[in-house]
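Colleague: I have some questions about this model. Can we go through them one at a time?
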Amino acid sequence: MFYREAGIFKTSYAADQALFRIPLDRLFVIGVVVAAIVVVPLISNEYWLGSIMIPVLILSIAALGLNILTGYCGQVSLGTGAFMAAGAYMAYKIATNFTWMPIPLVIVLGGLCAASIGLAFGLPSLRIKGFYLAVTTLAAQFFLLWLFQKVPWFVNNSASGVPTAPPRSVFGELVTGAEATPEARYLFVLAFTVVLAVIAGNLVRGRIGRTWMAIRDMDIAAELIGIRPLHTKLSAFAISSFYCGVSGALWSFCYINTVESSAFDIFRSFMILFMVIVGGLGSVLGSFLGAFFIFLLPIALNNVVTTFGLPIATETISHIEFMAFGGLIVFFLIVEPHGLARLWQIAKEKLRLWPFPY
Amino acid sequence: MAEAENVRAEPSAQTRVFGEPVLTLENIELGFGGVKAIDNVSFEVRKGEVLAIIGPNGAGKSSMLNCINGFYKPQSGSITFKGRKLPGMDPHFAAANGVARTFQNIALFRGMSTLDNLMTGRVLKMNRNFLWQALYWGPAQREEIEHRAYVEKVIDFLEIQAIRRTPVGRLPYGLQKRVELGRALAMEPEILLLDEPMAGMNVEEKQDMSRFVLEVNEEFGTTIVLIEHDMGVVMDISDRVVVLDYGRKIADGTPDEVRANQHVIDAYLGVAHD
Amino acid sequence: MSEFWFFLEVLLSGLFAGTMYSLVALGFVLIFKASGVFNFAQGTMVLFAALCFVGFLEMGWPVAVAAIVTVGIMVAWAYSVERLVLRHLVNQAPIILFMATIGIAFFLEGFAEFIWGSDVHPLNVGIPNDAWFVGPEGEMMIQQFDLAAAIIAGLLVTVLALFFHYTRIGRALRAVADDHQAALSVGIPLNQIWVIVWSVAGFVALVAGIIWGSRLGVQFALSIIALKALPVLILGGFTSVPGAIVGGLIIGAGEKLAEIYGAPAIAELVSYMSGINNISLGGVEEWFAYVLAMFFLLFRPQGLFGERIIERV
């Protein structure tokens, strides 16, 4: 009734190809973004901003990246953590060696370094597919993390091997490092998130996105209509790794405030894969929903236990978490392979008829 | 012959005159392991004609198309296309130079909408770089709109407006075949390769498809190479027929000539091999 | 001369470790051959089986009883996986099934530790644990344990090979591997076959778990080590039992040699480039197998013993 597609006529192809084809959708998304900028910092306390909103947004960026590679281009990667680490370490190198450089540029350059590394590890995708490729991305995961951990050059020979992120400002306001206020860090991360989400939305509805999906759906046919498989897959690897790299750099600079490889281990890679599956393969919105869901699930579990004073050891809770993650993945793959994003869409379709379903 | 007149008005197929050969295949040989799929086959495709390749199952027809658009590389022989004599086609070169095709088993991008499937046919004609696309603004947007307009023409031509936004995986078989033809047409092909475009269709669907094929041929001057098992359709719509059997060419000529050819009759009706 | 003996010792210990990878890889191959499912959870099944086994032993049960009950649990597990997961994912893209097994792996890991806790459990089932010294002056050390483990692995492979070739179930398995639909049409019950295969894979996991566990203690890290079976598979080809064995041996020997001889060389190079001395670059073992597999794939995507795939449209 209130949410309708009917009666909205478009008079130009431009309007018909817009990011949000239905005005209400557009309004809704703009509303969410405005609320995220204005309302969230006002109503949230330090815990919510610093320990939930910031990491969730950063992980959403990584999930977007993996969704481009896996959801749109059909190449499964288990090396997301490694590409995040590449972004974090390279951004650290750049920030400390070129101290004059504005921090947003540092983060982007970190992402570009990750992209070039992703490009290198995407090369095998020319000849191998599916889970074969997934195994080679494990090579990236284990090799890169080992490299960053063992070679002191990456951390400027710091004695502890775990340097702290350097403090940097934007418009005179500290946005990175432990001293920055959660509000400033949050807005900084949010800016990246919004821009990258819009870019992802644009890419997947344009030519590049269509070539990715063509390779995903039927690579042979794609090749025969003139899409170059290697170019296409490599572009997905590079762009995906760029997103992961930016995400990793933000993770180190704005969330944990240190540069350490343990933040990007294989467990991180799996978590981001889960975000993409649960959120929805091949959906920009799904990347966000998945990140929220997977990140909040353990917190919610913990809260349930403490609220009701259940006599469960913390260790046991983490085991239950594992079971819940595994169960959810299987559940979504069986019941709703398009994930939360699809559920959202179904809800909207229901809303279209509500409250008069006939 | 009565059927032929229903589909194509006079002058009848035999009197049409065709231009230069656009594609010449010479002494093509292709084998998989010990099996010879194509054995020393030569023929040419002339500009503007409808050429049918027929033959029993396993005669090497699909392999022939696969050689023409570069999916398989022949072990020997040559393909002359656009004034270049090549030992084998490259898929990208073929697609970029106007060779489009459809497949025996539908090879659509099942997760994408009809519109997006057709838009993939325009990929080679779109060249705005990545940065413009990331912004989806200015030249990139103009380019998208320009190609969308062309794709809409194809959609109108094939009468598939209603399924524009439907994911093709959900469409019935006949419509999927039509969308696949649409994707090939969106490439603005000079040569259109159709691999059994009417397989599994009922009479009405076959008539529709024949009509589209002929209209494409007449309106856009597109050269058409098709594989088809339905002899009625083949004899009606093609200007020339090449017959393959066991990977060898056994006949090449107008439908009437082929119909009268003893080798063809033997291949189809069977003959006592001694 | 003693350097040569040392090299031989490294090589041998690598080969022995390789048989362990082969054991895990074997479980992968069984399931892949019979159902086309790339079972990421095989490593976790090793952990789970070992945890159950060691748990029963600690409750004072005799070895044989613990083993039999554990096998029973693995069969029940196979049955529930078929019932709850595989059955619902028939005809899905292989990559979806692959991701589902990642989910299964996480579930099983949580489940195993939920029941048995996450402590390290020592395990001793009476495999000899002394060392022999070989060579003119006893330069080379051979662990009896490694040898025994290799023999067990060899026996297991032989038994499985016989089972596949000479029993009715084995024939049915091979039929299913070739073509699901054709197998169904001649009356082979697909679901039953899957349960059997997953059970056999569970049994293999138990054997691997006992051997790994006796060596390193039964602990969470087992499932990470078991991941190394993946590059082994790539090297050997997903459908080949001999491939799993040879791949395991190559990876095992290769990573030991890389650790002992390659790491110092890389460290020297890094020191030279960065001007810092005393860099130690241990842990080449962690990634060597994966990187080797990746480069190998570039040259032979189907693995050493895999079948070449002809693509058609």
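Colleague: Is N27(B) buried, partly exposed or exposed?

Modeller: N27(B) is partly exposed, with 13 other C-beta atoms within 10 Å. Keep in mind that this is a predicted model. The cut-off for buried is 20 or more such atoms and for exposed 12 or fewer, so a count of 13 falls in between.

Colleague: Where is N27(B) placed?

Modeller: N27(B) is in strand β1 of chain B. Its phi is positive, near 50°, and N27(B) is a residue other than glycine. Most residues other than glycine have a negative phi.

Colleague: Which other residue has a positive phi without being glycine?

Modeller: One of them is E159(B), with phi near 60°. E159(B) is in the loop between α6 (139-158) and α7 (173-186) of chain B.

Colleague: And is E159(B) buried or exposed?

Modeller: E159(B) counts as exposed, because it has 11 C-beta neighbours inside 10 Å.

Colleague: Back to β1(B). Which strands form the sheet, and in what order?

Modeller: Four strands of chain B form an open sheet, in the order β2-β1-β4-β5, with antiparallel pairing. The edge strands are β2 (35-46) and β5 (84-86) of chain B, each pairing on one side only. From one strand to the next, the twist averages 15°.

Colleague: What holds paired strands together in general?

Modeller: Strands of a sheet pair through backbone hydrogen bonds, either parallel or antiparallel.

Colleague: How many bridges are there between β1(B) and β4(B)?

Modeller: Five bridges, in the antiparallel sense, between β1 (residues 21-32) and β4 (residues 76-81) of chain B. As for a facing pair, L23(B) stands opposite F81(B) in β4(B).

Colleague: Now the helices of chain B. Why is α2(B) described as largely enclosed by the rest of the structure?

Modeller: Helix α2 (residues 61-68) of chain B has eight of its eight residues buried, so it is largely enclosed by the rest of the structure. The buried residues are K61(B), S62(B), S63(B), M64(B), L65(B), N66(B), C67(B) and I68(B).

Colleague: What follows α2(B)?

Modeller: G70(B) follows α2(B), and the phi of G70(B) is positive, near 85°.

Colleague: What about Y268(B), which helix is it in?

Modeller: Y268(B) is found in helix α11 (residues 262-269) of chain B. With 14 other C-beta atoms within 10 Å, Y268(B) is partly exposed.

Colleague: How far apart are Y268(B) and A107(B)?

Modeller: In sequence they are 161 residues apart, and in space 29 Å, C-alpha to C-alpha.

Colleague: Which domains does chain B have?

Modeller: The domain assignment gives domain 1 (1-98 + 189-274) and domain 2 (110-188) of chain B. Taken over C-alpha atoms, the centres of domain 1 and domain 2 of chain B are separated by 27 Å. Their contact takes ten residues from domain 1 of chain B and ten from domain 2 of chain B.

Colleague: Which helices supply the domain 1 side of that contact?

Modeller: α3 (91-96) and α8 (203-220) of chain B each supply at least two residues of it. The largest share, three residues, comes from α8(B). By class, the domain 1 side that touches domain 2 of chain B divides into eight nonpolar residues, one polar and one charged.

Colleague: How does the radius of gyration of chain C fit a compact globule?

Modeller: Chain C has 21 Å, which agrees with the value near 20 Å that a compact globule of 313 residues would have. The C-alpha atoms of chain C fill a box of roughly 65 × 60 × 35 Å along the principal axes. Of the 313 residues of chain C, 46% count as buried.

Colleague: Last topic. How many residues of chain C are in contact with chain A?

Modeller: 42 residues of chain C are in contact with 38 residues of chain A. The elements giving two or more residues to the chain C side are α4 (94-116), α10 (229-236), α11 (241-274) and α12 (285-299) of chain C. The largest share, 17 residues, comes from α4(C).

Colleague: And by class, what is on that side of chain C?

Modeller: The side of chain C that touches chain A has 32 nonpolar, six polar and four charged residues.

Note on methods: Residues are numbered from 1 along each chain as its sequence is written. Chains are lettered from A and ligands numbered from 1 in the order in which they are written. This is a predicted model: local features need pLDDT of at least 70, side-chain atom pairs count only at pLDDT 80 or more; totals for chains, interfaces and linings use all residues. Two residues are in contact if their C-beta atoms, placed from the backbone, lie within 7 Å. Ala, Val, Leu, Ile, Met, Phe, Trp, Tyr, Cys and Pro count as nonpolar, Asp, Glu, Lys and Arg as charged, and the others, Gly among them, as polar. Domain bounds come from an automatic or database domain assignment. The radius of gyration is taken over C-alpha atoms; the globule rule is 2.2 Å times the number of residues to the power 0.38. Two strands pair if DSSP finds at least two bridges between them. Axes are lines fitted to C-alpha atoms, for helices over the stretch in contact, and angles run from 0 to 180 degrees between N-to-C directions.
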